[in-house]
Amino acid sequence: MRSFAERSPESEMMDADGVTAADFAACLRDLATVNTVTLARPPTLRWLAESTATMNPGDTFTLVDVGYGEGDMLRAIHRWATAKGFRPRLIGVDLNPLSEPAARAATDPALGIDYRTADVFDFDPAEPVDFIVSSLVTHHLTDRQVGRFLMWMEAKAVRGWFVNDLRRHWFAYYGFTALAAVMRWHRFVRHDGPVSVARSFVPDEWERALGTTGITGATVSQVFPFRLCVERLKRTSW
């Protein structure tokens, strides 16, 4: 059995150079299914519900999703927000240029979701951003980049930010390996899913990252199944 004492430095296939647009889009489609099966979206939606509890129907908020992939999180946020009567302004930022066409193809243009290709550290929105969220993104980053990302969110999000990622654990690693094989997901997913678990975090690592940045008021919580969420709510009134 491999060790899970520290984050793995292994690379993921979907991050490699030379991946075709067709392979990448197929991988993202299966990842959207993975997100449904593994309950990836509910923690972010619950946090948004708590963060907007004082809002009224007709109110507007701006949200940036970092690392949107096929856009399934932003589409879920749009459904949730419009069901509440809110008028969301949703922006996606993803480093990989193959994500934008895949997300646009999977998204009804009428939703008005603004997908962009950019390095998040170079992304300086012209308008104030209420919320910044990311899902299954930070495990792709080095420890140094994680600290930089936390500080970027702290500087850019007016009302708060939310990180939704995996918890490193042997059961999650081997369990996903078996599930992906049974489901016959794309070969990238079968390889990258377990690697993502091995590259992810345990609670103490998030606490240390927050301590290094000096950010206060953020909390780390464990969410079923094998997920760690880091949240920071700055303002609760609108």
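**A close look at the salt bridges**

Guide: Let's begin with K156, which counts as partly exposed because its relative accessibility is 28%. Keep in mind that this is a predicted model. K156 has a salt-bridge partner, D124, and the closest N and O atoms of the two are 2.9 Å apart. Now find both on the chain: K156 lies in helix α5 (residues 143-156), while D124 sits in the loop between β3 and β4 (129-135), so the pair ties together parts that are 32 residues apart in sequence. How buried or exposed is D124? With a relative accessible area of 56%, D124 is exposed.

Next come some linked pairs. R89 is partly exposed, at a relative accessible area of 28%. D114 is buried, because its relative accessible area is 18% and the cut-off for buried is under 20%.

Now turn to D23 and R187, whose side chains meet in a salt bridge of 2.7 Å, N to O. Here the partners are 164 residues apart, with D23 in helix α1 and R187 in helix α7. D23 counts as buried at 19% relative accessibility, whereas R187 counts as partly exposed at 42%. In total, the structure holds 13 salt bridges.

The helices α1 and α7 lead us to another helix, α6. The buried residues of α6 pack against α1 (21-37) and α7 (187-199). Which residues of α6 are buried? They are A172, Y173, F176 and A180. Seen down the axis of α6, these buried residues fall within an arc of 100 degrees, so they line one face of the helix. Helix α6 itself covers residues 170-183, which makes 14 residues. From its first C-alpha to its last, α6 reaches 20 Å, close to the 20 Å expected at 1.5 Å a residue. After α6 comes R184, which has a positive phi, near 55 degrees.

Technical notes
Residues are numbered from 1 along each chain as its sequence is written. This is a predicted model: local features need pLDDT of at least 70, side-chain atom pairs count only at pLDDT 80 or more; totals for chains, interfaces and linings use all residues. Side-chain values use heavy atoms; hydrogens and water are left out. Helices (H or I, at least four residues) and strands (E, at least two) are DSSP runs, numbered from the N terminus. The expected span of a helix is 1.5 Å times one less than its number of residues. Buried means under 20% relative accessible area, exposed over 50%, partly exposed in between (1.4 Å probe, protein chains only). The arc is that of the directions from the helix axis to the C-beta atoms. Contact means heavy atoms within 4.5 Å. A salt bridge is a side-chain nitrogen of Lys or Arg within 4 Å of a carboxyl oxygen of Asp or Glu.
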